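Here is a short briefing on one protein chain. Look at the sequence and the structure first, then read the points below.

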Amino acid sequence: MDKQKRVAAIHDISCLGKCSLTVALPVLSAAGIETAVIPTAVLSTHTGGFENYSSMDLTAEMPKIIKHWKSLELQFDAVYSGYLGSKEQVDIVCEFLDNFKSENTLSVVDPAMADNGKMYALFDSGFAAEMKRLCQKADIIVPNVTEACFMLDKEYIPSGYDQGFIENMVYRLSDLGPERIVLTGVHFDDKTVSAVAYDRKAQKMCSVVRDRIDGMFHGTGDVFASALTAALMNGKDLFRATEIAVDFTVGSIKRTIASGAEHYGVDFERGLGEFIKSLEK
């Protein structure tokens, strides 16, 4: 039997509400990947719509975890980072990549900081420069259109852009350093949503287009990026991995709508069986 692959997942933990590590850990584990975690913070709930939630910042603990891992001489097949709450945490993850990324280590960065034309509440536009610095060290980045616009100092357009606008954005993102880009939340029109994947080495780009589903669904970016990472680590090429991640995310949204529990994140759990089958095809 082949040696089991290992990924380091660097995200926060929301004790209730499906996002960040409570998505990444089960999705990657279901895909057969050993998942070691560096939690950046612990929150009682996710921050989308809940009030009076508790939060404990774990920035001071992160270097201690990393120091212990270094003493164990751990090696990773992939490093996958998501929401980081401060410049200091970005610095820590950059240093982690410098110390643990080998020639065969895949680095995936989801620059989670903004959506729908606005930065998340704890950030200002200057944080985009910090996240851009981390993206320069990545092999693959998974921004949404808002995050891409902030990192590239482009005006955000919510929908109706042409192919040239998106292609220019993707090429410029690749110029930052990462060889592969997956740009999510692309609305070429009001009826569809696309994920646009670009492989600079192969000089290929493709769009995975699905019907648009109206509504606010927390954690979908984490579901998508986790599924994408899992598919890549299971040997899928970028374009097939993007398709698998899109379909897993869309299915999670549809199940959530059917159950009427949008507030708590999307129902990805009951789609894990089909997700695993898609990895085996």
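Buried means under 20% relative accessible area, exposed means over 50%, and partly exposed lies in between (1.4 Å probe, protein chains only). Helices (H or I, at least four residues) and strands (E, at least two) are DSSP runs, numbered from the N terminus. This is a predicted model: local features need pLDDT of at least 70, side-chain atom pairs count only at pLDDT 80 or more, and totals for chains, interfaces and linings use all residues. Residues are numbered from 1 along each chain as its sequence is written, and side-chain values use heavy atoms, with hydrogens and water left out.

- Helix 2 covers residues 62-71, and Met-62, Ile-65, Ile-66 and Trp-69 are buried in it.
- Why do the buried residues of helix 2 line one face? Seen down the helix axis, they fall within an arc of 95°, so they share that face. The arc is that of the directions from the helix axis to the C-beta atoms.
- An α-helix has 3.6 residues a turn, so residues three or four places apart point the same way.
- On the other side of helix 2, Lys-64, Lys-67 and Ser-71 are exposed.
- The cover over the buried residues includes strand 1 (6-14), strand 2 (34-43) and helix 3. Contact means heavy atoms within 4.5 Å.
- Glu-73 follows helix 2, and its phi is positive, near 55°.

**Helix 3 against helix 4**

- Helix 3 (residues 87-100) packs with helix 4 (residues 127-135) at an angle of about 10°, and their axes are 9 Å apart. Axes are lines fitted to C-alpha atoms, for helices over the stretch in contact, and angles run from 0 to 180 degrees between N-to-C directions.
- That makes the two helices roughly parallel. Angles under 35 degrees count as roughly parallel, over 145 as roughly antiparallel, 65 to 115 as roughly perpendicular, and the rest as oblique.
- Helix 3 brings Lys-87, Val-90, Asp-91, Val-93, Cys-94 and Leu-97 to the contact, while helix 4 brings Phe-127, Glu-130, Arg-133 and Leu-134.
- By class, this contact has 6 nonpolar, no polar and 4 charged residues. Ala, Val, Leu, Ile, Met, Phe, Trp, Tyr, Cys and Pro count as nonpolar, Asp, Glu, Lys and Arg as charged, and the others, Gly among them, as polar.

**Salt bridges**

- Side chains of opposite charge can pair when their charged atoms come close. A salt bridge is a side-chain nitrogen of Lys or Arg within 4 Å of a carboxyl oxygen of Asp or Glu.
- By this rule, the count is 14 salt bridges.
- Glu-269 and Lys-18 form one of them, at 3.3 Å from N to O. The pair links distant parts of the chain, 251 residues apart. Glu-269 sits in the loop between helix 8 (238-259) and helix 9 (272-280), and Lys-18 in the loop between strand 1 and helix 1 (21-30).
- Glu-61 and Lys-64 also meet in a salt bridge (3.7 Å, N to O). Glu-61 is partly exposed at 38% relative accessible area, and Lys-64 is exposed at 52%.
- Asp-214 pairs with Arg-212 (3.7 Å, N to O). Salt bridges that share partners join Lys-87, Asp-91, Glu-130 and Arg-133 into one network.

**Tyr-156**

- Tyr-156 lies in the loop between helix 5 (145-152) and helix 6 (163-175).
- Tyr-156 is partly exposed, with a relative accessible area of 26%.
- Not counting residues up to four places away in sequence, Tyr-156 touches Asn-116, Gly-117, Val-145, Thr-146 and Cys-149.
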